[in-house]
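Reader: I would like to learn how to read an annotated site in a model. Please take me through one case.

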Amino acid sequence: MDIFLIRANLPRNMIENSMFEEEPDVVDLAKDSAAFPTFPALDPDEVVYEPRSSRLLVRGLGENELDEEEEDYESSARLLGMSFMNRSSAHRPSSSPYTRQAPPRSCSRPSARTMVVCVLFLVIVASMTMVLYFLPGCTFTRTGCPKSNSTTPIDPAYPNSTNGELFPWTELRLPASIRPLHYDLTLNPDLKTMTFTGHTVISMSVQHNTKRIVLHSAELNITKATFQLDDGKPSDVTVLEYKPRQQIAVKFTEELKAGQHLVLTLDYSANLSHNYDGFYNSSHTDKNGVKSVLAATQFEPLAARKAFPCFDEPAFKATFLVKISRESGYMTLSNMPKAKTTELPSGLLLDEFEKSSVNMSTYLVAFIVANFTSISENVSDTLVSVYSVPDKKEHTRFALKTASKLLQFYNNFFDKTYSLKKLDLVAIPDFLAGAMENWGLITFRETSLLVGNNSSRLEQQLVASVIAHELAHQWFGNLVTMSWWNDLWLNEGFATYMQYMSLQREFPELDTDNLFLAMRFRALAKDALNSSHPVIVKVDTAEQVLEMFDSVSYEKGASILLMLNASLPGEQFRKGIIEYLRKFSGLNTVTEDLWNSLTQVTPQHQSVSEMMKSWMLQKGFPLITVSRSKGQVTLTQEHFLLTADNTTRSSSLWHIPVTYVNDSCSLEPECKQLFTLKTASGTLKLPDNVKWLKLNYRNTGFYIVHYGDEGWKALIDALNQNISVLTHEDRASLIHNMFALSRLGRVTFRQVLSLLNYISNETDTAPVTEALSQLTTIYKLLDKRQELGLVARMKAYILNRFDSLICKQTWGEELSASKQKLRSALLESACSLDHPYCVQNATELYKQYLESNRTKIPGDLQRLVFTVAARSDEGWVQVLQMYAHATYDAEKRKMLQALASTQDTRRIVWILKAVLNGETVQTQELPLVFSTVSNGFAGHLFTWNFIQENWNRLIEKFPVGSSAIQSIITSTTSQFSTQAHLDQVQGFFTSLKERGSQMRVVQEALETIRLNQCWMDRNLPAFRQWL
Ligand SMILES: [Zn+2]
């Protein structure tokens, strides 16, 4: 899945960090296992299905994360249902593993009083045990000793099903005793009543003897169920449902035996979803104002169960045969090519697709009923097609060309041809994520697939990025799949890395290198927080599954793969990947499998795993401090952790492939030298005449460097003399690192300004956009803090620094993606800060655009021009009218951002309500509208009030933990920097309880406010002095 679009417009987190968590020690998988919740002894078939070592790894990890244990109690209790919750609270002594315990600070002998209490306790327990044992008729079972006057035996381990019977399973993960082999799915959607019926036949094999089948189902009304054992006769069975865990079960009196073959047939009915997951409805209105409806699916991660009963975990792969009925005016699509169409007695048509030729995880199944049109071409033996609503057919060409070229690239790069005969890319009018990699049927938001014939390079860059990401998933994710969501980075980190790598090779004109660099800076910002998490982390609840779709899985995952690739010689990375895909084709894996494959192809089998464990199993990243004494350079590493109280307690160490260049050779890859730092410090030799040293060549490593006062001064002097002594990535990296160190309190704001002195001579995109982004963030914080004097001074500072570059920008068509990015970033900042040249040119361009049908606004300047226009009453209304009639979605989105950037508070309220209600503005745009409104001075308090007042409606549309909710919370709270706002935010989220208080993003928001507060308090005097 690509969540690029949701996050792309978020403000970069300014300052980050913690207030609640204690810093966990370096993760030790084996430690403290006794501290984990213990459940009643398990039957053999109660082992959940986790092929290979994933479970051990994940659970082990969580044991040290004290804060998560606290959350776990709440969520586990909720998931396990009331009866279990009562049991656990009744039996929960003070030493319960669920209760957060402060780690003992030192070892001490128990006091005499403690000893007496312990002995008494043991005597009482022993006495009670004997009494119970000798009670007549009482046997020890998992249910304990039933009361003699009780008529119904109570099994407290099992929750109640909806019909009152005990539900025979207590875990979130399904039992491993039954494995699905094949699904036969028939779906009958009715687009008039927005309902559907389904008929699912699941063939299964018994892995271990068991008396139950447990699988997933959510919001489905099961009307009939039959069961067949081997060649026996089918018979009706009762299906039990336990809604809190979205599970259903069939219980048997006789044991099903390992090796037996089962068929479960289920008929059901349901409503088409009104949200963005499951089998959901969508609509579009054509040029003539005619509205038509359609139905599409979005299953990842937990919503296949909303369309058909299934074993909805990634490791339960099976084959699928899909049949869908439709009216004659519609067409249907699914993962496989269509096999045949038959007419039903009702007059409807039934499309039957080929049985899938590959084993698929349920989250990759997809089907669509719509009236789309398409264009196609053949690539090797695959038919590639791009589908859209008929009006937008002309916008599909770029996508087809791009997908075809990338498919060929991946076929070669992975040395494994794409598995299916067809590949459809479909633009869906209502779609929340950027795109979804369903095997053979990739679905997209319209803005991430469709571009006009005269689109800007930046629009093409976005579409190509999303396509490259989803195509990479056809191998990484679809062909080889993570066993469980804790290893989600194997899918998402990889697809994100491949998207940049493939575009760099196949579409260098799109300049995605700068995009990737900015992404790595974003990943560092998130991971510097105490509320961040290791790449591989315990995932035990539905909300935690959704929360895995975050910056760490995608952006840090991709950054670490880049670092690994850069540290391996030649083609070793690619060879390792080819080996991994070959070995695990069609199977599920854990992270270690990838490292083993990479190790296998390195000379002398040098362990990749050893290095990567330090990056995967600990949160955060290192800060390397450089100190130089004559010919010797000492590098020390520590955890780069932003804390509000300025203390860093973690003893984490990383295995860092440190790269460096110096003044004698600094630009070409051959200049790069490598030093491996595994311990807290290390030394390297350097000739005395070396003037300066720059670490992290081209910023391919996931760490930050502090050069010390002298080291920084030498670099700044060098840049002031000649900016070309370093690559543009290295210059951007210095700017990024300097601001980061300022947040950490290691450099003064004066040093930051001293580095930025050189920027007047800077003309490259990456350093300019990085400096602008950092300065704008500070500007916004001062603005929201109502430090009006400083706001004016910061504004003058920014405009002054970039004035000559702003005035050099042209306003006509610009072909280079890099220059478009530079121009749009510069001018958007300039106009938002009222730079007269910028505002005047934007106003003039808009006027020409209105007066003449022939004047086009270049794509990269549209948002800026519309935003300036929408500042006036008349302009805002005009842009709104254009928005209502525009059909080209990329343009429409820019108009929407212009409308949302208004400073008129009544219009702000109107647009917030419009997007929530889905009237005029699609609800899928809510995260974008919220982040745009929150950026403005007038709107940021409105969005905060709005989410408090409308929280229940928001989580109806976007589930707790989802990327959309994460984005909404971050954009609404990340600019607060006062105690009053900290208290408000804390109070509100605490009051939500199970409706969102336990989300990681809430901790992140609170940390960010606290850090903003500290950073402001520390730096306001410096601003007053130096700005
Ligand atoms: Zn993805």
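Reader: Which residues is E492 in contact with, leaving aside its neighbours within four places in sequence?

Author: This is a predicted model, and a contact here means heavy atoms within 4.5 Å. On that basis, E492 touches M1, E300, E437, H469, H473, F549, S553 and Y554, once neighbours within four places in sequence are set aside. E492 itself sits in helix α7, which covers residues 489–506.

Reader: Is E492 buried or exposed?

Author: Buried means under 20% relative accessible area. E492 has 0% relative accessibility, so E492 counts as buried.

Reader: Where does UniProt place the feature "binding site"?

Author: The unreviewed UniProt entry puts "binding site" at H469, H473 and E492. These residues span 24 residues in sequence, but no two of their C-alpha atoms are more than 8.6 Å apart, so they gather at one spot.

Reader: What can be said of H473, its helix and its contacts?

Author: H473 belongs to helix α6, residues 457–473. H473 is buried too, at a relative accessible area of 0%. Beyond four places in sequence, the contacts of H473 are M1, E437, N478, N491, E492 and A495.

Reader: M1 is in contact with E492 and with H473. How far is the backbone nitrogen of M1 from a polar atom of each side chain?

Author: A polar contact takes a pair of N or O atoms within 3.5 Å. The backbone nitrogen of M1 is 2.9 Å from a polar atom of the E492 side chain. For the side chain of H473, the distance from that M1 nitrogen to a polar atom is 3.4 Å.

Methods:
Residues are numbered from 1 along each chain as its sequence is written. This is a predicted model: local features need pLDDT of at least 70, side-chain atom pairs count only at pLDDT 80 or more; totals for chains, interfaces and linings use all residues. Side-chain values use heavy atoms; hydrogens and water are left out. UniProt positions are given in the numbering used here, feature names are shortened, and annotations may be inferred rather than shown by experiment. Helices (H or I, at least four residues) and strands (E, at least two) are DSSP runs, numbered from the N terminus. Buried means under 20% relative accessible area, exposed over 50%, partly exposed in between (1.4 Å probe, protein chains only). A polar contact is a pair of N or O atoms within 3.5 Å; within protein, one must be able to donate a hydrogen and the other to accept it, and residues adjacent in sequence count only if both atoms are side-chain atoms.
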